[in-house]
2 protein chains.
Amino acid sequence: MSRFKGKSRIRPLVRALTAYVPGEQPKIRGLVKLNTNENPYPPSPKVLAAIKAAVDGRLRRYPNPTADALRGKLAKLHHCRPDNIIVGNGSDELLALATRAFVEPGETVQFFNPSYSLYPVLAEIHGARVNAVPLAKEFGLPTAPDLRRNGAWDFSAPLTFVTTPSAPSGRGYGTAELEELCRAQNGVVILDEAYVDFARENAMALALKYPHVIVSRTFSKAYSLCFQRVGYFVGDAELIAALQKLRDSYNVNGLGQVGALATLADLPYYRKNFQRIIAARQRLSEGLRALGFGVLPSETNFIFVRPPKIPAEAWLEKLRERRILVRWFRAPETRDFLRITVGTEAQVRALLKAARQIARM
Amino acid sequence: MSRFKGKSRIRPLVRALTAYVPGEQPKIRGLVKLNTNENPYPPSPKVLAAIKAAVDGRLRRYPNPTADALRGKLAKLHHCRPDNIIVGNGSDELLALATRAFVEPGETVQFFNPSYSLYPVLAEIHGARVNAVPLAKEFGLPTAPDLRRNGAWDFSAPLTFVTTPSAPSGRGYGTAELEELCRAQNGVVILDEAYVDFARENAMALALKYPHVIVSRTFSKAYSLCFQRVGYFVGDAELIAALQKLRDSYNVNGLGQVGALATLADLPYYRKNFQRIIAARQRLSEGLRALGFGVLPSETNFIFVRPPKIPAEAWLEKLRERRILVRWFRAPETRDFLRITVGTEAQVRALLKAARQIARM
């Protein structure tokens, strides 16, 4: 009669999942933290002031359930309508909703390898099949004819994630090559532009041109609001409406909405920081190349480098001994590389100094 | 080959869902808003100060992904361990996660009718079957023998939601009667205690006594933090671990964690407000009884009343004409009632004055 007599009350699919292990957030003083791609600069003073000004008796009220004011401003920014936009509790929430809106359990969630490690997690949580297809040489985007020849790619997958610019490689993709891929694809394609503000091109136009293309953006990285959890999708109104049906009623906290709105009113502050980060990226790349590092060209706020002499994992440890935290991924296609977040000018100097010492050992 | 040729890219289950219509949040000045059970009092000055003090460069960092500090304090408060606790983006997020952790699509999500209108929505989103069983007379909790005789209740449903104190009736349930129901149930039982701070008893002990019972709490209502979206579950570590696997990595925004932590450090402020609201509830109930209203006994921050002379829906309109907003539910079992949030003393006087005018018409 009962499925619980002596059995678990938890779904088998959930029991089989591995618990998520959150990224390292050590509390060591004086640490140079270049491992999580956070922006080294704080939000603009106007944004901080706007959030502080909203901290009053209003907190007792529910936030706007559909983030109307924010969707209105975003629609103006991207030259579309508010019903082309959904705001999420970080873009992670929206990526999860997409698996549940567009993919039947058992169907395929597809992406390139390496890319954002969340995609296979979302697929597994939903009981979907994972199709992870290798990127081309030097983490380039394979062309549709190449993918056809290769045979592993599924042009009818109901959901495909493309991280663009690419992570962890930092490589940027042109809108023309992304468009070719989107046109070859039948199911929904999500262009995950978490780092696009540091790139030469963005593919927003594709989300408004094709009924099956969505662009994902976030206030976390470029706009220094990780703490506040605000991301959004832009795409066809029908796809967006499907996602709206699945989200929690009050999914975006009120102060997050306030912070994102104030951010959109002070974009020049952020654009200046993008330029500083891009300049620091250049200095960091040149400095490391001079020490014998292989440095992939980056269009993000991090660089992906192949260190000289000793293995990347040993570099990770030696940098850590010097209180500098960077990121290393154990998988075969990434184990020869380090991913280094571009910090402030001072952090770049600290990293180069430590790298010089290690290279001379 | 493709399931998309001329077809929707959205799952049939999702296409069949009705879009959620958010509750009314009118922008009329001077409105007495007694329709959404928000707390009439602001968060404590110490909580507001703590949140403001956290609005600085830290916003660029990710929040603690597992709300460790908050879970630690909550564990002390409830005399359990941090792994008995999961924090959510409002308790709504956790109620949704529970359907996905404990119920296979096609299985049953069960609850009493009337109760929180979100439960059937969550079931439908997940493709689960809904079993809504009527409450007993005057919205009382049916006994297990009564439920057995009745036959509609499923003692093996994998997930049962019980709103306690009950909504929209406001009626409180004793821990003994809840325990009897839990003991008769094989699947997971979630005791949704959103309003429990206004009640005589709470059932937290059951969550720590039985491996299949979870208690849901929120900082929204009693603790005036709706805007910040923080709720939590307390229960068996194995059930909690299953929910942890399914949530978004950074599901609780940082300033929400700060606000909830500061709230736990200033509970006397809130307890004083609970007493004020309970006293106002008493005056409101007596005042309406004197005007011929049937008033159900309430253990929440709202009352459920049967108005005299004209239908409840007409009362809704006449109160609205006097700038007082209350809630009316169209369903057969609730259509003779109004749900009125207990506001400040001044709001209670305004409501009673308006009700006196309408009753005399």
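Figure 1. A:Val103 is buried, at a relative accessible area of 0% (buried is under 20% relative accessible area, exposed over 50% and partly exposed in between, with a 1.4 Å probe and protein chains only). The model is predicted: local features need pLDDT of at least 70, side-chain atom pairs count only at pLDDT 80 or more, and totals for chains, interfaces and linings use all residues. Residues are numbered from 1 along each chain as its sequence is written, chains are lettered from A and ligands numbered from 1 in the order in which they are written, and side-chain values use heavy atoms, with hydrogens and water left out. A:Val103 sits in the loop between helix 4 and strand 3 (108–113) of chain A (helices, H or I of at least four residues, and strands, E of at least two, are DSSP runs numbered from the N terminus). Its C-alpha atom is 5.8 Å from that of A:Pro158, 55 residues apart along the chain.

**Figure 2. Interface of chain A and chain B.** In this interface, 81 residues of chain A contact 81 residues of chain B (contact means heavy atoms within 4.5 Å). The two chains bury about 7300 Å² between them, with 58% of it on carbon and sulfur atoms (buried area is the accessible area, 1.4 Å probe, that two parts lose on being put together, summed over both). Between chain A and chain B there are 4 salt bridges (a side-chain nitrogen of Lys or Arg within 4 Å of a carboxyl oxygen of Asp or Glu). On the side of chain A that touches chain B, helices 1, 2, 4, 5, 9 and 10 of chain A each supply at least two residues. Helix 4 of chain A gives the largest share, 6 residues.

**Figure 3. Salt bridge between A:Arg61 and B:Glu38.** The side chains of A:Arg61 and B:Glu38 form a salt bridge at 3.6 Å, N to O. A:Arg61 belongs to the loop between helix 2 and helix 3 (68–78) of chain A, and B:Glu38 to the loop between strand 1 (32–33) and helix 2 (45–54) of chain B. A:Arg61 is partly exposed, at 32% relative accessible area, whereas B:Glu38 is buried, at 5%.

**Figure 4. Two salt bridges within chain B.** B:Arg217 and B:Glu193 meet through their side chains at 2.8 Å, N to O. B:Arg217 is in strand 7 of chain B and B:Glu193 in the loop between strand 6 and helix 8, 24 residues apart. Both partners are buried, B:Arg217 at 10% and B:Glu193 at 2% relative accessibility. The side chains of B:Arg330 and B:Glu313 form another salt bridge, at 3.9 Å, N to O. B:Arg330 lies in the loop between strand 11 (324–325) and strand 12 and B:Glu313 in helix 12 (residues 312–321) of chain B, so this pair ties together parts 17 residues apart in sequence. B:Arg330 is exposed, at 55%, and B:Glu313 is partly exposed, at 32%.

Figure 5. In chain A, an open sheet of 3 strands has the order 9-10-12, with antiparallel pairing (two strands pair if DSSP finds at least two bridges between them). Its edge strands are strand 9 (294–295) and strand 12 (338–341) of chain A, each pairing on one side only. A:Ile303 has A:Ile340 in strand 12 as its bridge partner. In chain B, 4 bridges join strand 10 (residues 302–306) to strand 12, and the two run antiparallel. B:Phe302 stands opposite B:Thr341. Both faces of strand 12 of chain B are covered: B:Leu338 and B:Ile340 on one side, B:Arg339 and B:Thr341 on the other, are all buried.
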